[in-house]
Amino acid sequence: MLMHQAELFVHESAPRVIEAPVNVASVPQRSPFRYPGGKTWFVPTFRQWIQSLESKPQVLIEPFAGGGIISLTAVFEGLVDHAVMIELDEDVAAVWQIVVNGEAELLAERILKFPLSIEAVHDELSKPNTSLLERAFKTILRNRTFHGGILAPGSGLIKNGEAGKGIASRWYPETLARRLSALHLMRHKLTVLKGDAFELMTTYIDSKKNVFFIDPPYSAGGKNAGKRLYTHFQLDHERLFDLCNQLAGEFLMTYDNADEVKLMASTKLFDTRLIAMKNTHHAKMSELVVSKNLEWLSQSHVN
């Protein structure tokens, strides 16, 4: 994952540190993806949110599933009974569909048997998809051998990688196989829906027993990160906020720290907190947490 440490700050008169950096090495890695913008670093905060709710939610809906670490954490740790992962990207969705279809072990076998080399990768990716399993395998192959795990058009193979290992830097066949085997055992707790998040979210908006974790592509305020990282980056942000305002259950949303986002949140009377984090290059970046109420966050971990 791209994010390796996170520090929490709170919007008051000035940001105030309320937690030491999170060591994400302590967070179980359950996803087969190395996903750009992944939320492994956010898992401890997500746990705190779920535990702050009055009762255990029955279903977690993740409308922009991506690497799925939040949904996977929720079901593996019993924080919810079931998770619904919604994904528009056909390639990413194929991997999750293979899991819930009971074919994760076949995908793991395909990964274990692949003779990794630059020539083999080019040859494999040049072939047409003949099945959902082939599409899923190629998605994992691209994700694990392309720079930054980026699947969007224009991305290319890792050149140097870690310690000069090139495309082998993030290709861990045994590790990926173990993760897929674990997912196979938990598949009954997952539902995968391929399609538009707005349309599919409406199915779940009326129950207070449903909660949402929402991590949309960051393109508000003219930001280009979403365009660079994802195939489907365009989003009607105002429509998303309108929909969140209709949810009967609770939601937790992560967003780019943009003035446009803060204005939309303020208009809906949503609460916001600023999260400052460090990426793998130790550069400080900021994101927002948006929800109906974030008092649990501002009071967390106070010594």
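## A walk through the predicted model

Begin by selecting helix α2, where I69, I70, S71, L72, T73, A74 and V75 are buried. The model is a predicted one, and in it α2, which spans residues 69-76, is mostly covered, with seven of its eight residues buried. Move on from the end of this helix to G78, which follows α2 and has a positive phi, near 65 degrees.

Now show the whole protein chain, whose secondary structure comes to twelve helices and nine strands. Of its 303 residues, 55% count as buried, and if you consider the contacts with a separation of 6 or more, 69% of them are between residues 24 or more positions apart.

Next, select F42, F46, W96 and L107, which are the residues with the most contacts inside the largest nonpolar core, a set of 57 residues. Helix α3, residues 90-100, gives the most to this core, with six residues. A second, separate core has 29 residues, and I61, L235, L243 and M253 are among them. As a general point, nonpolar side chains tend to be buried together in soluble globular proteins.

Return to W96 and display what surrounds it: leaving aside residues up to four places away in sequence, W96 touches S31, P32, F33, G66, G67, G68, L72, M85, L183 and V192.

The next stop is helix α5, residues 118-125, in which the buried residues are A120, V121 and E124. If you look down the axis of α5, these buried residues fall within an arc of 100 degrees, and they therefore line one face of the helix. In general, an α-helix has 3.6 residues a turn, so residues three or four places apart point the same way.

Finish at the second largest pocket, which has a volume of about 370 Å³. To find it, select L53, E54, S55, K208 and E250, which lie nearest its centre among the 18 residues that line the pocket. How does the lining of this pocket divide into nonpolar, polar and charged residues? Colouring the lining by residue class will show six nonpolar, six polar and six charged residues.

Methods:
Residues numbered from 1 in each chain as written. Predicted model: local features only at pLDDT ≥ 70, side-chain atom pairs only at ≥ 80, totals over all residues. Heavy atoms only, no water. Buried < 20%, exposed > 50% of the residue type's maximum accessible area, 1.4 Å probe, protein only. Helix = DSSP H or I, 4+ residues; strand = E, 2+ residues; numbered from the N terminus. Arc of directions from axis to C-beta. 1 Å grid on protein atoms, 1.4 Å probe; cavity = no way out; pocket = protein on both sides within 12 Å on 5 of 7 lines; lining within 4 Å. Points joined across faces, edges and corners; volume = space filled by probe spheres on them. Nonpolar A, V, L, I, M, F, W, Y, C, P; charged D, E, K, R; others polar. Core = buried A, V, L, I, M, F, W, Y, C linked by side-chain atoms within 4.5 Å. Contact = heavy atoms within 4.5 Å.
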